[in-house]
Amino acid sequence: MRARWIIILTCIAVLGLAALPVSAQVGLWTGAYFNNADLAGTPVFVLNEASPSHNWGNGSPSPLLPADFFSARWTSVQNLGAGVYQITVRADDGVRVFVNGVAYINEWRPSPGNIYTAYVTLPAGQHTFVVEYFETTGAAYLEYDLKLVGGTAPPGGAAATVTTAQLNVRHIPNPFTGTILTRIYQGQTYPVVGKNADASWLQLDVNGLIGWVNARYVSATNLANVPVTDSSVRPTGAAATVTTDQLNVRHIPNPITGVILTRISRGQTYPVIGKNADASWLQLNVNGVIGWVNARYVSATNLANVPVTG
């Protein structure tokens with residue numbers, strides 16, 4: 001059986017099938033295998049395969065390749081629906097993943113089976129995926145997975161796209177008391193179903209899970225008709241600009257017992273949503289964090305309509 005396999009692969013190489021175009025069949029993967037760790041030169045053989053995932057143990061993909069210091073490149077054109085996709089690979093050793101010519105995973109180095117994850121937002125249609133791999137010594141394997149993890153909002157509807165690496169989705173719009181329901185990732189897009197009064201927090205539908213995210217970490221569109229779905233204080237039109245180098249924002253208007261929630265800096269301006277009875281303390285919305293500052297250290301405007309909230 002071993003001799004037959006050697007003959008078949010030798011015929012493939014001799015007949016020049018290694019020069020087949022890498023996008024030979026939509027949906028399949030075309031794997032090109034090299035007898036070096038650098039994807040250099042002409043591949044020893046080329047095969048159509050169902051997936052780049054393989055586990056060769058301490059061996060190699062075929063008798064034509066050495067057990068150590070070989071490499072491979074798989075290419076596939078995939079028909080996909082619109083959405084956010086998670087790419088996960090586990091490799092011993094190096095691995096790269098390209099989508100439409102862009103490297104989303106680039107770990108071209110020896111590795112003892114590390115796991116790498118990336119996210120890509122794609123429109124509906126055909127997309128080209130390339131997975132590259134090299135082996136040095138010891139175990140040789142590659143595990144590849146692609147799955148849909150987020151959809152897109154309906155046309156014309158309010159939507160938010162994550163702009164940070166990962167973002168907590170909480171049960172209420174509060175970074176301290178809001179329980180984390182799930183996490184979403186850069187590039188993912190979800191419908192916006194609600195907001196707080198000043199739209200500093202947005203309520204999303206994350207694949208059927210309803211939760212809140214801080215609006216500074218998303219890019220949102222079409223928010224005008226989104227309803228206010230919490231009991232937050234509505235904007236007053238008042239604002240406060242910090243006039244000291246650093247200013248503590250506290251949970252109550254008291255410099256001794258007020259817990260510091262965050263600090264703000266000179267020149268920063270935030271909405272004023274409340275005040276104490278003599279306006280010596282002001283309640284600010286600091287990017288979704290509601291807290292109190294001593295009014296001596298800010299320059300405030302339009303305080304007349306600000307309600308007494310503490």
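A strand here is a DSSP run of E residues, at least two long, and strands are numbered from the N terminus. Thr 262 sits in one of them, strand β20, which covers residues 260-265. This is a predicted model.

Start with the whole protein. Its secondary structure comes to one helix and 24 strands. There are 310 residues, and 42% of them are buried. The accessible surface is about 14,900 Å². Carbon and sulfur atoms account for 53% of that surface. Now take the contacts between residues at least 6 apart in sequence. Of these, 63% join residues at least 24 apart.

How far can the model be trusted? The average pLDDT is 84, and 87% of the residues score at least 70. Residues 1-24 are another matter: pLDDT stays under 50 there. The model has 23 contacts beyond four places in sequence for that stretch. Where pLDDT is low, predicted coordinates should not be read in detail.

Next, look inside. In soluble globular proteins, nonpolar side chains tend to be buried together. The largest nonpolar core in this model has 28 residues. Trp 74, Val 95, Ile 105, Val 131, Tyr 133 and Tyr 144 have the most contacts inside this core. Several strands each supply at least two of the core residues, among them β1 (29-34), β4 (70-80), β9 (125-135) and β10 (140-150). A second, separate core has 15 residues, including Ala 158, Ile 184, Ala 215 and Val 218.

Which residues does Ile 105 contact, leaving aside its neighbours within four places in sequence? They are Ile 87, Val 89, Val 95, Arg 96, Val 97, Tyr 116, Thr 117 and Ala 118.

Strand β11 (residues 159-162) pairs with strand β14 (residues 189-195) in the antiparallel sense, over three bridges. In that pairing, Thr 161 has Thr 189 of β14 as its bridge partner. Strand β11 also pairs with strand β17 (residues 218-221), again antiparallel, over four bridges. Here Ala 160 stands opposite Ala 220 in β17.

Return to Thr 262. Is this residue buried or partly exposed? Thr 262 counts as partly exposed because its relative accessible area is 25%, and buried means under 20%. Beyond four places in sequence, Thr 262 touches Leu 247, Asn 248, Val 249, Val 286 and Val 289. Asn 248 is 14 residues away along the chain, yet the two C-alpha atoms are separated by 6.3 Å.

Compare Asn 294, in strand β23 (residues 289-294). Its relative accessible area is 18%, so Asn 294 is buried. The side chain of Asn 294 reaches the backbone nitrogen of Arg 296 at 3.0 Å. Beyond four places in sequence, Asn 294 touches Ser 280 and Trp 281.

Finish with two loops. Most residues other than glycine have a negative phi. Leu 39 has a positive phi, near 55°. Leu 39 is found in the loop between β1 and β2 (45-49). At 10% relative accessible area, Leu 39 is buried. Ala 279 also has a positive phi, about 60°, although it is not a glycine. Ala 279 lies in the loop between β21 (269-275) and β22 (281-286). With 26% relative accessibility, Ala 279 is partly exposed.

Methods. Residues numbered from 1 in each chain as written. Predicted model: local features only at pLDDT ≥ 70, side-chain atom pairs only at ≥ 80, totals over all residues. Heavy atoms only, no water. Buried < 20%, exposed > 50% of the residue type's maximum accessible area, 1.4 Å probe, protein only. Polar contact = N/O pair within 3.5 Å; in protein donor to acceptor, adjacent residues only side chain to side chain. Contact = heavy atoms within 4.5 Å. Core = buried A, V, L, I, M, F, W, Y, C linked by side-chain atoms within 4.5 Å. Pairing = 2+ DSSP bridges. Areas by Shrake-Rupley, 256 points an atom, 1.4 Å probe, with all protein chains shown as cover. pLDDT = per-residue confidence, 0-100.
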